[in-house]
Amino acid sequence: MMDSPSYMLSKIAEKDNLTVYELFFGPNHPGMHGNFGYVLEMIGTEIVKVRPNAGHLHRGFEKLMEQKLWVQNIALVPRICVADPDPNEVAYCTAIEKILRVDIPDRAKFLRTITLEMSRLSSFLMGMGALAAAVGLYTAMNIMTADRDLILDLFEWLTGARVYHMFSIPGGVRNDLADGFVERLYKVLDHLEKRLIEYDKLLFENPIIHKRLKGLGYVSKEDAVKYGLTGPNLRASGNPYDVRVDDPYAAYPYLDVRVITQEGGDALTRAIQIRLEFEETINLIRRALKTMPEGEIRLNLGNLSALKVPKGEAYAKVESSKGEFGYYVVSDGGMKPYRVAVRGPSLPAGLLLAQKHLPKMKIDDVAAWMASLAICPPDIDK
Amino acid sequence: MKLDKESIIELLNQKGVEVLDLYPNQISVNIKKDNLLNHLVFLRSIGFDHLSFINAVDFIDEGEFELVYHVWSYTHKIHVLNKVRISRNNPVIPTIVNLWEQAQFYEQEIHEFFGIIFEGNKDLSPLFLENWVDIPPLRKDFDTKEFSVRLFGAEIRR
């Protein structure tokens, strides 16, 4: 009896149950996005305690920006969020324009809006793909990655770069749409809309995702505001707030932005929220393309390399695909910023909510939980 | 009930704080260090429920740090920059973790990068930098070039 295999195993299990061990979930872990990690204290497969392990990706942008010219920083800011780079450029430029007290031409506002929404589409595709991969539905991830490439192709045509576009500059945007761009954008939008049926079949109506995500990481309506969640995470908990409507920038005052809200607040609701907003973003781009006026694409601010911004400070925020992206810019009247501080949308979820939700969770759910909250470590680390 | 910007400025003026009207939807408030908690509690009670973030600015020529508490109201649609100046020699300020829990991580970050001490915050351990030995790196007197030459023995070629 004493030396039978089952007895030995039960002894090991009993011993394991009493052992708390430390597990590094990231930076090298297939379920982790980016160079970030949680140090999990575990019993068996259950998490007991969590410690965020940030800093692997800290590139010192805020310090570096103080040493570069105003316009040189345009090359730096998109790197703060890899998946959704455009909100950074627009927020940084809007903050400068606020201090300069200038109003950019209407066409430039619309061009910024269109790039922002295209960036949102590509980020949602990446986010939905990450969620699919986290629950093992790799087919969905693969076709979403392929579809994201169509948007990146458009970005390459428009700005010359696929990921870091550096399209917005203080006073407007770098260049206008090329001939035939609008037609091709419409084609891509139609294609994506058709693909939604497939996404639904593969991912959002898939029993696996319902089983895995239902009830996971629940955030109540009050807690979502209290913890500082923004963007789709906030709206999936029943709060109808959107920076594009509440504190409009770029061309959003001229557009009819429909805010989608859902009750629920769990990971499944957040996944469906992204899917609904994806559909709405396609329609928003169509509306923006229809109402876009002709005209100038930037203000003449003189030689941008010699740009001086008067003494002052401003906070500008943009609704990115993950929530509120904000730039607080202080100028002392010189050629370089005195201070740039960045508010990334992932910090409240990635650091605070992790400590509330992860304990008692199973190790298998961590990756899906992270993907459902769209936690993007580069904007925690900066 | 939604209040417009003017009535919020008036409310704050009645409380005896100095308000600056910056941009549409954005006002700036200068507060004293001792008044910080009272002021934020008051703002929260009239509907400013979202703490966007906290950041610090090093005004080295004036010998002061400026802490900016970004607070937004979903009801009034107004963004308030609450600015507190503290001395650079004795950078101590009360924590606001009891008001907004996510302030914990902003305070940890500011402590790490500026050396500001948040009184009452139990955990000010480093979040990003491992084994940091020099002065806090986002201070204006921290020279990145001199630091890397000293630490890594890099020589500057021209």
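Modeller: A residue is called buried if 20 or more other C-beta atoms lie within 10 Å of its own, exposed if 12 or fewer, and partly exposed in between, the C-beta atoms being placed from the backbone. The model is predicted, with local features needing pLDDT of at least 70 and side-chain atom pairs pLDDT 80 or more, whereas totals for chains, interfaces and linings use all residues. Residues are numbered from 1 along each chain as its sequence is written, and chains are lettered from A, and ligands numbered from 1, in the order in which they are written.

Biologist: How do you know whether A250(A) is buried or exposed?

Modeller: A250(A) has 25 other C-beta atoms within 10 Å, and because the cut-off is 20 or more, A250(A) is buried. This residue sits in the loop between α10 (243–246) and α11 (267–291) of chain A, where helices (H or I, at least four residues) and strands (E, at least two) are DSSP runs numbered from the N terminus.

Biologist: What makes the phi of A250(A) worth a remark?

Modeller: The phi of A250(A) is near 45°, a positive value in a residue other than glycine. Most residues other than glycine have a negative phi.

Biologist: What makes you call α3(A) mostly covered?

Modeller: In helix α3(A), 14 of the 15 residues are buried. The helix, residues 86–100, reaches 21 Å from its first C-alpha to its last, close to the 21 Å expected, that is, 1.5 Å times one less than its number of residues. Just after α3(A), R101(A) takes a positive phi of about 55°.

Biologist: Why does a set of residues count as a nonpolar core?

Modeller: The set must be of buried Ala, Val, Leu, Ile, Met, Phe, Trp, Tyr and Cys residues joined through C-beta atoms within 7 Å. The largest such core has 145 residues, and Y327(A) is among those that touch the most other members. Helix α4 (residues 106–134) of chain A gives the most to this core, with 16 residues.

Biologist: How do you know which residues Y327(A) is in contact with?

Modeller: Contact requires C-beta atoms, placed from the backbone, within 7 Å. Leaving aside neighbours within four places in sequence, Y327(A) is in contact with residues including A91(A), A95(A) and V342(A).

Key: Two residues are in contact if their C-beta atoms, placed from the backbone, lie within 7 Å.
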